[in-house]
Amino acid sequence: MFSHRIEGLRPSPIRAILSVIDRPGMISFAGGLPATESLPEWSGSVSREILQYGPSEGEPALRAVVSAQLRRLGIDAPVERVMILSGSQQGIDLAAKLFVDPGTPVAVEFPTYLAAVQVLRFSGARFVDLASGEARGARLAYAVPTFANPTGSCMSDADRGALATSCLANGTVLFEDDPYREFAYDACDRTPVAARMTGGSWIYQGSFSKTFAPGLRLGFLAASEDLFERLLMLKQAVDLHSSRLSQHIVHEAVTGPDWEDRLDRLTAFYRDRRDTFEGALQRHFSGLAEWETPPGGLFYWLRLRTPIDTRELLGEALERNVAFMPGEEFYPDRPQSGTMRLNFSHAGAEEVERGLATLAGAVASHS
Ligand SMILES: Cc1ncc(COP(=O)(O)O)c(C=O)c1O
């Protein structure tokens with residue numbers, strides 16, 4: 001089940017020692033810890049201890065919050081199997097290292113998140129389409145079932161069930177990437193596929209980037225028992241642990257009285273942006289493209305009536321000061337021309353109107 005290159009993977013002895021040095025009365029000659037009294041004084045609620053090295057798994061308090069949240073979603077995620085990540089991008093890197101050797105079959109959606117393709121390809125993955133029969137032979141199945149990047153689509157209850165059943169039946173590890181689940185604008189089933197993976201191998205991950213602040217670089221994962229320790233050893237080897245300052249800031253936010261309100265406000269704000277975007281698309285792209293209104297997340301996925309290579313269109317658009325992501329980039333291979341991903345969370349109404357008018361002009365010049 002695991003990649004050949006992790007055969008030499010061992011737990012870091014220093015990390016094992018560091019995990020107990022906070023014990024009262026412990027005198028430590030281990031580790032290369034700076035003197036805590038030499039660490040800078042910070043303002044507000046940040047103690048010097050937070051600026052010292054910390055546990056690879058993450059801060060216990062933040063892990064507990066994540067664990068409770070995932071258990072509410074039906075995921076088997078006791079706190080011992082929750083890890084804080086330096087961005088959920090790190091989870092993809094850890095999973096690639098754990099499972100993928102050159103030629104390892106990995107099932108993904110076509111199209112899928114491009115930075116996942118980048119990482120998995122770097123490890124030598126042989127990509128197969130999650131929706132095809134070939135997926136049965138995959139070692140790992142990477143999916144963004146809820147408000148996918150790039151398509152914005154939400155997997156039906158039946159498809160979620162089928163994905164879990166197929167992974168369980170074929171011994172495929174499910175890797176569910178779920179950074180957009182909070183941003184639901186219309187009703188759709190969001191039950192994590194990982195919640196149906198009893199008895200199988202799975203990783204479920206989420207992110208604080210979209211709900212709070214991407215610059216803090218914090219995400220989290222939970223994994224089945226057979227995987228967690230190895231993922232942790234891989235993380236130790238990458239960065240020892242995620243920023244404790246970031247974890248402190250996020251913990252204060254998610255346990256603060258305003259957190260649920262913040263999520264509601266954000267969702268309402270982005271729903272508004274989606275509706276504004278939809279209106280502008282109707283005005284400028286009717287006749288030029290087809291699309292489904294995304295029920296959540298941050299993206300529209302357009303299929304142009306004329307299947308031009310949107311990588312070339314991008315150059316023309318950039319000259320006119322409009323940027324977008326060519327859809328071709330989201331296919332591991334056999335890219336579908338005439339597709340584009342448009343993000344609707346960032347630009348304001350006036351920019352959306354002007355940007356889409358300009359982009360439609362560039363597309364129309366190819367029709
Ligand atoms: C599907 C998906 N996974 C992972 C990430 C990485 O997010 P993070 O900022 O948590 O590293 C993104 C970011 O856009 C994403 O869309």
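**Ligand contacts and helix packing**

A polar side-chain atom of Ser207 lies 2.6 Å from an oxygen atom of the ligand (a polar contact is a pair of N or O atoms within 3.5 Å). The model is predicted, with pLDDT of at least 70 required for local features and 80 or more for side-chain atom pairs, while totals for chains, interfaces and linings use all residues. Residues are numbered from 1 along each chain as its sequence is written, and side-chain values use heavy atoms, without hydrogens and water.

Asp177 places a polar side-chain atom 2.5 Å from a nitrogen atom of the ligand. In the side chain of Asn149, an N or O atom is 2.8 Å from a ligand oxygen atom. Around the ligand stand 14 residues (one heavy atom or more within 4 Å). Ser88, Asp177, Tyr180, Ser207 and Ser209 come nearest.

Helices α8 (residues 259-285) and α10 (residues 349-364) cross at roughly 30°, their axes coming within 9 Å (helices are DSSP runs of H or I, at least four residues, numbered from the N terminus; axes are lines fitted to C-alpha atoms over the stretch in contact, with angles from 0 to 180 degrees between N-to-C directions). α8 is therefore roughly parallel to α10 (angles under 35 degrees). The residues of this contact (heavy atoms within 4.5 Å) comprise eleven nonpolar, two polar and two charged.

The axes of α2 (residues 60-72) and α7 (residues 244-255) come within 9 Å and cross at roughly 45°. This makes α2 oblique to α7. Ala61, Leu62 and Val65 of α2 meet Gln247, Val250, His251, Val254 and Thr255 of α7.

Note on methods
Helix = DSSP H or I, 4+ residues; strand = E, 2+ residues; numbered from the N terminus. Parallel < 35°, antiparallel > 145°, perpendicular 65-115°, else oblique. Nonpolar A, V, L, I, M, F, W, Y, C, P; charged D, E, K, R; others polar. Polar contact = N/O pair within 3.5 Å; in protein donor to acceptor, adjacent residues only side chain to side chain.
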